[in-house]
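Open the structure in your viewer and keep the selection tool at hand.

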Amino acid sequence: MIMVAKRHFVISGLGTLSRVTLGIGLAVMLLIGGTAQSAESNRPNVLLICIDDLKPTIGAYGDTTAVTPSIDRLASRGVLFESAYCNQAVCAPSRNSLMTGLRPQTLGIYDLGTHFRLAAPDAVTLAEYFRHQGYHTQALGKIFHTGHGNQDDKQSWNEPLFKPKATTYARPAQGEKRVDARGITRGAVTESADVADETYTDALVASEAIRRLKVATSQPERPFLIAVGFIRPHLPFVAPKKYWDLYDPATLPMPEVTRPPESAPEYAPTKFGELRTYAGIPERGPIDKPLTRHLVHGYYAATSYVDAQVGRLLDALDSSEARDNTIVILWGDHGWHLGDHGMWCKHSNYEQAARIPVIVSAPGMNGGEKTRAMIETVDIFPTLAELAGLPQPGDLDGVSFAAVLKDPQSAARESVVHVYPRGNRLGRAIRNERYRLVQWLPTHDAAAEIEYELYDYLTDPLETKNLADQMPDVLRKMVSIADSHPAPRPQWRPSKP
């Protein structure tokens with residue numbers, strides 16, 4: 001079993017994680033905060049936009065195919081992070097990292113179904129922290145991962161989570177069906193229907209968020225944090241026909257490399273089981289070229305659909321008096337394989353799954369800037385606290401990158417770390433400007449050997465070959481960085497009676 005370093009955390013006998021330092025600090029700040037109401041009206045608001053499965057297939061990121069004018073507009077008035085990475089390429093752990101500022105290996109949660117408070121009952125989330133500082137906090141759509149037995153975190157919000165009731169498909173009766181291994185019925189992998197945007201969930205979320213923005217901006221005496229979560233371009237690739245019509249299928253980018261990296265462990269690539277649960281996808285074997293092109297088309301269409309909803313939010317903010325006093329941050333929870341390496345979905349430690357879009361627009365900061373400063377999802381919590389002029393929360397894995405917003409040429413980190421489990425191993429990855437190491441740590445057999453992957457993005461940006469055996473000096477240096485991190489906690493399990 002991999003043991004965990006305590007790192008200022010207290011590990012109780014029941015296996016829970018308690019952030020004592022932060023809890024005490026928060027209590028003190030709450031006492032002080034009661035006398036500081038007059039300062040609240042001067043604090044910037046926060047509009048946090050979370051997008052599911054969005055990789056940097058965005059015009060502002062240099063994708064010449066993508067039709068994303070709204071996200072491009074946000075980038076024109078903010079700072080775009082070209083080297084931003086998630087902490088695990090799957091929904092629940094990634095969103096836990098965003099909201100707690102703690103990595104999956106600190107929490108010991110790598111799955112979809114474990115609620116973060118089981119492992120860290122005393123964690124103070126980003127939204128909870130802002131709420132205790134006098135902010136009115138609200139969530140709409142997908143912020144925390146709900147489903148698979150998981151749920152929202154009520155104590156983070158002043159108001160209940162808003163989740164509209166909407167059909168997944170405009171024409172559910174016309175599509176194919178497939179029942180997955182858990183007995184859940186899935187529909188077709190794509191839909192292009194000539195329907196209004198508000199047929200689907202994301203436009204309904206945007207409409208309600210616009211309404212709440214109007215209410216919040218009419219009460220400038222109380223700052224707000226509104227988190228808006230969109231589910232597309234998550235599967236299925238469902239979007240109104242007009243967004244499909246933005247693209248000529250013949251000109252869509254197709255994967256250049258269609259096989260796993262040479263010499264990589266056979267368990268390292270994802271088998272993309274999530275995609276195979278949808279009707280129209282072969283239950284085994286590769287995805288052929290016509291279907292690949294259709295899926296790429298669907299991903300781009302769904303991205304343009306969600307981009308339009310982002311535009312509606314920005315329009316609403318721009319028409320309010322809060323425009324110049326609101327931090328806007330757009331974050332994708334992880335990337336997505338679009339046939340590269342013969343892989344689909346997320347669920348890996350490779351670049352296409354781990355790299356994410358992050359764009360920040362903040363009052364008084366640079367606009368239209370790009371930075372290569374490396375950041376992780378966990379860095380967003382302390383950054384927003386600093387931008388809002390709040391005390392820095394303690395005992396987080398994240399570090400603030402607020403200084404990069406003032407000077408995009410500066411650095412935030414020398415490297416980032418992310419993880420993905422595979423069977424009886426945990427793949428811990430270190431990515432710096434040039435290399436990525438994946439250190440496959442045995443989780444159930446202490447005698448098993450650690451296996452490695454090493455990629456050089458200067459000479460091999462498409463990760464075609466594992467160089468771990470050919471670059472021993474680089475491997476040693478990257479391993480030393482990995483070993484400087486605390487040992488990962490094992491997956492949280494209920495204590496036995």
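Helices (H or I, at least four residues) and strands (E, at least two) are DSSP runs, numbered from the N terminus, and two strands pair if DSSP finds at least two bridges between them. This is a predicted model: local features need pLDDT of at least 70, side-chain atom pairs count only at pLDDT 80 or more, and totals for chains, interfaces and linings use all residues. Residues are numbered from 1 along each chain as its sequence is written, and side-chain values use heavy atoms, with hydrogens and water left out.

Select E16, E17, E18 and E19: in that order they form an open sheet of 4 strands with antiparallel pairing. Strand E16 (415–422) and strand E19 (451–456) are at the edges; each has a single partner strand, so one side of each has no neighbour in the sheet.

Next, select residues 425–432 (E17) and 435–442 (E18), which pair in the antiparallel sense over 7 bridges. Within this pair, find Arg428, which stands opposite Gln439 in E18.

Which residues of H15 are buried (under 20% relative accessible area; exposed is over 50%, partly exposed in between, with a 1.4 Å probe and protein chains only)? Select Val474, Leu475, Met478, Val479 and Ala482. They cover an arc of only 130° around the axis (taken from the directions from the helix axis to the C-beta atoms), which puts them on the same side of H15. Finish on the face turned away from that buried side, where the exposed residues Arg476 and Lys477 are.
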